Each structure stands twice: as C-alpha cells, then as structure tokens.
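Please open the model in your viewer and keep the sequence panel beside it. The stops below each name something to select and then describe what is there.

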Amino acid sequence: MTDFFSKMNEDYVQKHFPDGSVLESARKTVKRRSIGAIFFFALFFVGSLWGFVWSVGRTIESVSSGDDTLGVGIAICVFFGLVTLGLFALLYFLIKESRKKRSDYIAASAKHSKLLESEVEEFERQAVATDCYILKLTTGLDRALSNATNPDGLLTRDYIYLANPAQIIMRVDQLKACCFSDYTYYISVGNKQKKIHCLSIGLIASNGVSVCSDTTKEAGEALMNLLKERNSEMDTNNGEVLKEGEFDKYKKRILGEK
C-alpha cells in the first residue's frame, strides 16, 4: 500500500498547499493557467478585431465604388465578427475565472459535492493533518495529462477527494460504491485511428454525487480495500471492471433509481 499511499507531511504541504488549503492551491493553479490563456487568446482577439475592422472598411469601399463583390465582403465581415465575439466571450470567461476567490471555490465545491460549506472547510482542515493519506492512483502519461489542479487524491479522517476539475469531495461514511470502469479514446497512428482503453475508479455517494478518476489496477484495488475498512457496506462490484457506458446504469442500480 505504501507504493500508492503515503501520510501527509510538512514537505508535501509546503510544496502543494503552502497556504494550508487545497482549494486555495486549486484557485492559484487555475488563475495561473487562466492568465497564460488570456495572453494567448488576447493576441488572436486583437488580430481578429483588426480583421473585422479591415473587412468592414473594404466592404464600405465596395459599396461606394459599386463593386459587385459586395457579398464576399459581407461574408468576410460576418466571419471576422463571429470569431471576434467568440474570442471576446472566451476572454471574459477566463478573466472571470482568474478573479475568483477561495470562498468562491468553497461554494462551488460544496455545490458540486452536495455538502455544506462548513463540511468543505472541515475537509480543508483534515487534508493538511498528518493522518491524511495522499493517494497516488496514476503514473506516467495518465498522470501528466490530468486536467485536475492536483493529480493526487486525498483521504482524510472523514472525507475523500479524487483528482477532478470540479473539486468534488465526498464523505467516506456516505459512500455507496467504489468500482472500476473502462473508457476509451482514439489517437492517430499514421493514417489509422487507434482505440486506447483506460481504467478509472469511480465513487458513488448516497446523496447522488459521483466522480471518476484515472487509476492503475493495483492502486485502485488498494483504495477499495482501504475504504472497505472504513465503510464495510460499500459495494465494489466484486472488483470487476464495468464496460464503457455501464457506469451510469450501475450508479442507478446502487442508488435504487429506475
């Protein structure tokens, strides 16, 4: 188990949560990414805006001179106008994201997790305690490509967090299931598309919240065993892997939904 999980320590806290907060660290990571994206897309926005102004000017000249290419000019104006509006909307979203505060992240996490904000705050306190487990469920490329703000999961005295962009947190005593599931994506190899199978581990809580995170088989089995020790009623689908597309059906069955 020590290959996958380790106890929280001061070095890890200082490196990943220097402010003593998982969500504050997530906020800073998102802000850093957003600022980089803002500069990148701002260049395209300026270019698109210049193209729109230029195309409008050319269209006005065409109208004045009676040029028969007016339709083409209007089409170019519409194209640059739509691109400019799209980039403006994207920049607005990125700027809005970069200005969020820790309190906004706590509120969003509580909403996605269907927990009280006070429970999210309690998770924050438990996450930096020495009895918190650091969950390293992925390795290699899967870990490098994770879009979560922190690729490690966390298992505290009362809560579990798997790497996910929504910062979903679950109470261990509310877990109804922990299971494996398969999903696929395609990559281009020469002139062909190759299907890649990936393994994920999913958690389902009694409040209807669920989350999936990439894992290796060994790390996933170790996590199942660890959670079973704390919540013996939790279902594991006998350790079998759900086929792609079956997770939602399994979730409904576990929650007793039709």
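Which residue is the bridge partner of phenylalanine 180 in β9? Select phenylalanine 180 and look across to β9, where its bridge partner is valine 241.

Before going further, note that this is a predicted model, in which local features need pLDDT of at least 70 and side-chain atom pairs count only at pLDDT 80 or more, while totals for chains, interfaces and linings use all residues. Residues are numbered from 1 along each chain as its sequence is written, and side-chain values use heavy atoms, with hydrogens and water left out. Helices (H or I, at least four residues) and strands (E, at least two) are DSSP runs, numbered from the N terminus.

Two strands count as paired if DSSP finds at least two bridges between them.

Select β1 to β5, which make an open sheet of five strands in the order β1-β2-β3-β4-β5, with antiparallel pairing. β1 (5-7) and β5 stand at the edges with a single partner strand each, so one side of each is left without a neighbour in the sheet. From one strand to the next the twist averages 25°, where axes are lines fitted to C-alpha atoms, for helices over the stretch in contact, and angles run from 0 to 180 degrees between N-to-C directions. Zoom in on β4 and β5, which pair in the antiparallel sense over three bridges, and find isoleucine 160 opposite methionine 170 in β5. Helix α7 packs on this sheet, touching β1, β2 (133-135), β3 and β4, and its direction makes about 55° with that of β1; contact means heavy atoms within 4.5 Å.

**Helices α4 and α5**

Select α4 (residues 102-113) and α5 (residues 117-127), whose axes come within 8 Å and cross at roughly 110°. The two helices, α4 and α5, are therefore roughly perpendicular to each other, a term that covers angles of 65 to 115 degrees. Their contact is made by Arg102, Ile106, Ala107, Ser109 and Ala110 of α4 and by Glu117, Val120, Glu121 and Glu124 of α5.

Staying with α5, colour Glu119, Val120, Phe123, Glu124, Gln126 and Ala127, which are buried, meaning under 20% relative accessible area with a 1.4 Å probe and protein chains only. The buried residues of α5 pack against α2 (22-65), α4, β3 (153-155), β4 (159-161) and β5 (169-171).

**A last stop in helix α2**

Finish at serine 34, which lies in helix α2. Is serine 34 buried or exposed? At 6% relative accessibility, serine 34 counts as buried. Not counting residues up to four places away in sequence, serine 34 touches Leu94, Glu97 and Ser98.

Definitions and conventions. Parallel < 35°, antiparallel > 145°, perpendicular 65-115°, else oblique. Buried < 20%, exposed > 50% of the residue type's maximum accessible area, 1.4 Å probe, protein only.
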